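Please open the structure in a viewer and keep the selection tool at hand.

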Amino acid sequence: MEGQSMIDSASAARHARFGKLPERIRYEDMVQEEPVTLHDPARDAYNPEGSWTSFSCFAADLGL
């Protein structure tokens, strides 16, 4: 009977620890809203000096 009481105590410990599910978390508590950044026209402006860096050329990638 020693083994049976050991199993019962282990079962009781498991039930005490994992016996019920945790409380539900509301959707509002899981989502964090942040305001969007304002439009920056300088970021989207054409820059002739740096425009070559935004294009990909296979020949240039090969160093030809």
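Select Asp 29 and Arg 26 to begin: their side chains form a salt bridge, with 3.3 Å from N to O. The term denotes a side-chain nitrogen of Lys or Arg within 4 Å of a carboxyl oxygen of Asp or Glu. Side chains of opposite charge can pair when their charged atoms come close. The structure contains 1 salt bridge. Both Asp 29 and Arg 26 are exposed (buried is under 20% relative accessible area, exposed over 50%, partly exposed in between, with a 1.4 Å probe and protein chains only).

This is a predicted model, in which local features need pLDDT of at least 70, side-chain atom pairs count only at pLDDT 80 or more, and totals for chains, interfaces and linings use all residues. Residues are numbered from 1 along each chain as its sequence is written, and side-chain values use heavy atoms, leaving out hydrogens and water.

Next, select Ile 25, in the loop between helix 1 (2-18) and helix 2 (27-30). Is Ile 25 buried or exposed? Ile 25 counts as exposed because its relative accessibility is 57%.

Buried residues account for 2% of the 64 residues in the protein chain.

Finally, colour by pLDDT, the predictor's confidence in each residue, from 0 to 100. The protein chain averages 78. Among its elements, helix 2 has the highest mean pLDDT (90) and helix 4 (residues 58-62) the lowest (71).

Notes:
Helices (H or I, at least four residues) and strands (E, at least two) are DSSP runs, numbered from the N terminus.
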